Amino acid sequence: MDIRLVFFVICACFMIHSPAQSPVKEVHILGDFVLGALFPIHDSKDGTCTSEVNEQDGIQILEATIYALSEVNTSLARKGFSLGLVARDSCYDTSIALQNALEFAQKRYNSQPNRFENCTCSSTDANNIIGVIGPPRSKETVDVANLLTLFKVPQISYFATTPELSDNVRYKYFKRTVPSDTFQAKALVSILRSLDWQYASILYEDSNYGTEGYTEIKAAAEDAGICFGFDKKVKESSKEEELENIVKDLMKKKNTNGKVVAILFMQYALAYRIMVMVDKSYNSSDVIWVGGDAWIGREPPSGHKKIIEGAIGISPETRKYPGFAEYFKRINISNSPNPWFGEYLKQRYGCSLTDKKNSCSAIQIKDFRELLTAYNVRNAVYSFGSALDNIHTLLCGENWGVCQSMENNLTGNLILQYLSNVSNPFNTSFHFVNGGDGPIRYSVLQYKRQQNDYRWIEKGNYSGQELIWKTMNRPEYTASVCSLPCQKGQFRSRGEVCCWECKECDYTEIVNASDPYNCQTCDINSGRTSNPSQNVCVEIPVDHLHYDNPSILVIFVLSTLGIIICCVVSVVFILKRTTPIVKATGFETSIVLLVGILFSYISPFILVSEPTIASCAFFRVFLGLSYTMAYSSIFSKLMVYNRAFDVQSSIKNKSIQGQTVLNRNICTMKTALIISLSLSGLHFLALVFWSIGDTPSPVVKYSVTREEAIGILSCADLDNFSYFVSLAFSFLLMIACLVFAIKTRKLPDGMNDSHEIMYCSFTSFVLWIAFIPLYAFSENKLVKVMSLSISLIIHGSACLLCLFITKMYIVIFRPEKNNKERVMRTTPSRSRDSYSGSFQGSRTFEKRQSFGVTLEEKTSTNCTRKLSSACVADDTEEEGEDYSATTGTLPFKNSIVIDRSEKYSEEAETVVNSLNRNSGEKLLGNKEDLENITTGDTLPNHKINGDIFKNQDEDERTAEHTNQGSFLKNIGVKSSSFLKRMTSRRSEKSHVSQENITEGGNQNSKSEKTVRRLSQSLPDVHFNNT
């Protein structure tokens, strides 16, 4: 046997056979089937009902139930049965509600056809209760629902909203006409969010309704970013001192506008205790009250209307119950089945129930204000009536009245089944959601003064999705925050609960709305940074240098101008390549140099173009070759010139000393061209292999400042020192050029570019010194590109100006100076050092076509000994040339340096005479002998000591006189008188010298001493035009 049934039988029998109790006051309306009802007609204190009547939740709800029952019976009368009512006072007390619910369960159980064998239970009341309506509060409803579920008695609450009661398994026989607090919590939070109330406080009662409602509100508020600065659970039995402390803490939580936004999620009585206490101790206008369905929509206690002015909250959808207001105004003590109606009139109007002079019977209600949620109890009555109507149709068909089948089979499960399927009973728009809860329909109400009175005004609606304010009816409130919002780029530093201090984030960080208390770093290396508002990371735009940049335009103009000039110079040199000055410059190496300069001007265009693997590789090559080709051409030309002038001296020495003679054709411009191209080719191959092994792929370098963020696409070499590695070889060539420029500083003017080369080298060196730090330590790509481009342009311009401008001027504007004499002129300060030591000569050098005497001041600087001569080539007189710059052949091979003070002295004439004797046949050599000398031949070793040969035979002297005329013509001496004096002097001195030699050299004449003195003090021989 079910233990629940045993418990019920014991309790029911005990109650029935217990001593007689005073009759319970109740509403009793007869009917074929009866509904039990539990309404809080009075308040309670310490488990006992008080005398204070609840006008709205008690009297109005009871009268609305009676009125709804009359409407249902009007409809059921056509089928011959009716619905009765037994309504009792629950007094907002759980124990009283449970006691009355137990009696209802007993009556329902007694109506069942089965009985217990050894127990006889009887009751004077009809045992036909089919269900229970109420109680309204969740606190009592949960316990009553547990009890009625045990005995399968259907129950419908018209105002219990705790989410716990949505459990259809635990509370199978429970239903309600209002939605769960889960949706009420969302509706409340929607109000806060819509009014921009981010800072509030909440007080909730210590009950199922308060605790579970607070949990739902808290969760929804956190999702909406709303913070509760103060939350407190309040017991209904709290003493005044406890409430005062709670109120004191509550009033400390003012927002930035000096207001307190307080949510009271509790029953009507407790809520008004707190609001009245705030009004007594503080200024109630500093508080904005927000409430739930427990007190929102209900009229405040008498005299307390002003304290809740401006209050706003959520209530199940408010609507007027059609006809109820007229019904309520018509009822009085005599025509109402409500035994508490007289107490209501006495409390409200101060009338008397015993004194006939002020009798409540004469009261006519005119100031009735309808509770706008009273229609919810109507829906409960309608649902039971509709279920019975459908069951009667099922079990009795068209039969009039209650049939036997309906009496025997009207079980709790059958009633529950038809209750779950109720839809729009008696032409109303109502149905149960998920079989147990009422439809999700809420009204947003605000308590405002209108027409000299306060009332609840509907401001909006909530149907489970979003809050919809009525047109032009949105309430006006200021925002509620504990601290002012932080500006962009600031995060909240936590202080008190819900309060903060604003602090700056780094400009590369963001403050996310979902986490305003922390700065989040954007990954710049991944190409992301903060947006201007610093609330989200965005992609950094990637760009590269464009041609419309003003700085780049300047570079392009200069480069274009340089390319044009370089092309013009190249054309002129090609057209004038046979002229002396172009040949002396070295046409082949000059073209290589111009190509290198052209690369210098082309490189900026490649550098500024959109970076790709190809463009980056090309720039490597062009950058390296622009310097290498320039300096390799200069270096090879200088090396050949230097070698050409030094090799001839070596040829003389080796020829005189009987050694092998070098190949004189090795010192040519073709050699210089091969050297230059070889050096450039080696560097080019190195650059190619470097690009293959280390592909110069473009990379993005992100630059983020507070003003802007941009990613610059550039070659990877710009971010390191790769370009300096490429220029290392060029730097070595530049140093070599400087060394050879110094060594060849005294070449003939047409071949001597030493000063200009040094200018170019020093310019490049200074450029590198200036731009390397700027390039190396700058993070700005534009600065790096500009530094490289400018250095290339200046390098190319310096080479053009220094090495070609003077030659271009002569070729184009002064062609008369473009001759052999001008080209081969040697300025004294730039002439190469003359021969030193004794005169050297041979018949081999008789072919030389010119011979000059240079008259210079005798200084110690001209007395150094350095052998210098150019290579000898087989130039012929038929070609009409004394030299060929392209083959390295130079026209002037010997000269005698004579002090200007001795120009017409006896000593000078003696030196010239000695030069004729020695150089005519020994130094210049015999033309026939020269033609017979080939490379590798050796000559007899003639020891020359001083300027006079010790053993000179007569035949040679005779040949010397024979060739004297042509020799003097070749050395450029024009004065016939001077030549005559030189000839006579030579004869005399020769005779004296011969005598001295014959005598064994024991005595020397004055002339011979002078010759030897001059030979030793002015030993240098320099060949030049005079």
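Reader: Which strand gives the largest share of the lining of the second largest pocket?
Author: Strand 17, with four residues. A pocket here is an open set of points on a 1 Å grid where a 1.4 Å probe fits, with protein on both sides within 12 Å along at least five of seven lines; lining residues have an atom within 4 Å of a point. This is a predicted model, where local features need pLDDT of at least 70, side-chain atom pairs count only at pLDDT 80 or more, and totals for chains, interfaces and linings use all residues. Residues are numbered from 1 along each chain as its sequence is written, and side-chain values use heavy atoms, without hydrogens and water.

Reader: What lies nearest the centre of that second pocket?
Author: Gly 225, Arg 492, Ala 513, Pro 516 and Tyr 517, out of 35 lining residues. Elements giving two or more residues to this lining include helix 6 (208-223) and strand 20 (515-521). Helices (at least four residues) and strands (at least two) are DSSP runs.

Reader: And the largest pocket, how many residues line it?
Author: 50, with Asp 43, Glu 52, Asn 54, Tyr 268 and Ala 269 nearest the centre. Helix 8 gives the largest share of that lining, six residues. Helix 8 spans 268-281, and helix 2 (55-76) also gives two or more residues.

Reader: New topic: in what order do the strands of the open sheet run?
Author: 1-5-2-6-7-8, six strands with mixed pairing. Two strands pair at two bridges or more.

Reader: Which ones are at the edges?
Author: Strand 1 (27-29) and strand 8 (174-176), each pairing on one side only.

Reader: How does strand 1 pair with strand 5, parallel or antiparallel?
Author: Antiparallel, over three bridges. Ile 29 has Leu 85 of strand 5 as its bridge partner.
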